[in-house]
Amino acid sequence: FEQLEAILQRPILIVDILAQSLPTKSVYFINYILVKAFLSLAFELLRPATATTAAIRRRCGPKHQTDKMKAETWNGLSRLQCPGGLGLAGIQSHMCLCFMVTFTYSALAPITMIATLVAFIVTAMVYRQQYAYVYDPKGDSGGALWPASAVYSMGILVISLGVIIAVIGAKQGFAQMCLLLPLLVAVILFQMYYSGQPLKVARTLPSRICIREDHRREKETLGSAEG
């Protein structure tokens with residue numbers, strides 16, 4: 001509370017507090033990311049909660065069910081064969097945290113990047129397997145999440161560069177801080193450029209692909225009509 005009161009009286013003190021405490025917190029973030037990667041992904045592969053709810057439904061639920069009833073939930077309980085969609089929102093929020101830790105500590109504690117690299121590799125392997133063999137692919141957006149993820153990543157990079165510049169400036173590294181300022185400006189300009197026309201083009205299907213898809217559907221329609 002004393003530090004909070006001091007910050008409220010002199011907001012500039014937050015830079016000194018970050019410069020003193022932020023570099024020493026790298027071990028905490030390394031432990032958090034590795035535990036999150038291995039422990040939570042182990043539960044994701046085993047799916048004990050889903051197996052438990054499916055067992056309760058099989059034991060207590062109706063015995064004779066139609067195909068439609070099997071696909072629906074019963075009192076909030078679903079079958080093991082109906083896992084639903086992949087929780088992309090939670091995965092993306094965790095990835096944003098990993099990006100923030102990676103970008104911020106890339107200059108303050110570079111060893112952190114090894115932990116985040118391991119976490120990214122393990123997470124990619126597990127969720128690719130789960131998405132291919134477990135979860136319902138109906139919620140697939142066809143890559144529409146990638147442009148939004150790129151925008152989030154560039155925003156996180158801007159914040160991380162600002163934090164690094166503030167920490168280096170608080171430690172009297174004015175020469176290094178001046179060298180990092182052009183990088184921050186370049187990232188902001190690229191973010192503004194990417195959020196403009198290229199992002200709009202990426203959200204629109206190219207006309208040649210539309211024409212090819214129309215021809216394919218037309219052939220399928222004629223083939224089914226002749227059959």
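Good morning. The structure is a predicted model, in which local features need pLDDT of at least 70 and side-chain atom pairs count only at pLDDT 80 or more, while totals for chains, interfaces and linings use all residues. Residues are numbered from 1 along each chain as its sequence is written, and side-chain values use heavy atoms, with hydrogens and water left out.

I begin with the whole chain. The protein chain has 11 helices and 0 strands; here helices (H or I, at least four residues) and strands (E, at least two) are DSSP runs, numbered from the N terminus. Of its 227 residues, 23% are buried. By buried I mean under 20% relative accessible area, by exposed over 50%, and by partly exposed in between, with a 1.4 Å probe and protein chains only. The chain exposes about 15700 Å², and carbon and sulfur atoms supply 66% of that area. Accessible areas come from the Shrake-Rupley method with a 1.4 Å probe, and for residues only the protein chains shown count as cover. A contact means heavy atoms within 4.5 Å. Among contacts with a separation of 6 or more, 71% join residues 24 or more positions apart.

Let us turn to helix H3. This helix covers residues 26-46, 21 residues in number. The expected span of a helix is 1.5 Å times one less than its number of residues. For H3 that gives 30 Å, and the end C-alpha atoms are 30 Å apart, which agrees. Arg47 follows H3, and its phi is positive, near 55°.

Which residues of H3 are buried? They are Ser26, Ile30, Ile33, Ala37, Leu41 and Glu44. An α-helix has 3.6 residues a turn, so residues three or four places apart point the same way. The buried residues of H3 pack against helix H6 (88-108) and H7. Val35, also in H3, is partly exposed, because its relative accessible area is 47%. The C-alpha atoms of Val35 and Ala119 are 84 residues apart along the chain, yet separated by 9.2 Å.

Next comes Thr112, in helix H7 (residues 112-133). Is Thr112 buried or exposed? Thr112 is buried, because its relative accessible area is 1%. Beyond residues up to four places away in sequence, Thr112 touches Ser26, Ile30, Val101 and Tyr105. A polar atom of the Thr112 side chain lies 2.9 Å from the backbone oxygen of Ala109.

I now come to the cores. A nonpolar core is a set of buried Ala, Val, Leu, Ile, Met, Phe, Trp, Tyr and Cys residues joined through side-chain atoms within 4.5 Å. In the largest one, of 13 residues, Ile33 and Tyr105 touch the most other members. H3 and H6 are the elements that give two or more residues to this core, and H6 supplies the largest share, 5 residues.

A second, separate core has 5 residues, including Val158, Ile165, Leu184 and Val187. Leu184 sits in helix H9 (residues 174-194) and counts as buried because its relative accessibility is 16%. Leaving aside neighbours within four places in sequence, Leu184 is in contact with Val158, Leu161, Gly162 and Ile165. The C-alpha atoms of Leu184 and Ser160, 24 residues apart along the chain, are separated by 9.5 Å.

Thank you for your attention.

Methods. Polar contact = N/O pair within 3.5 Å; in protein donor to acceptor, adjacent residues only side chain to side chain.
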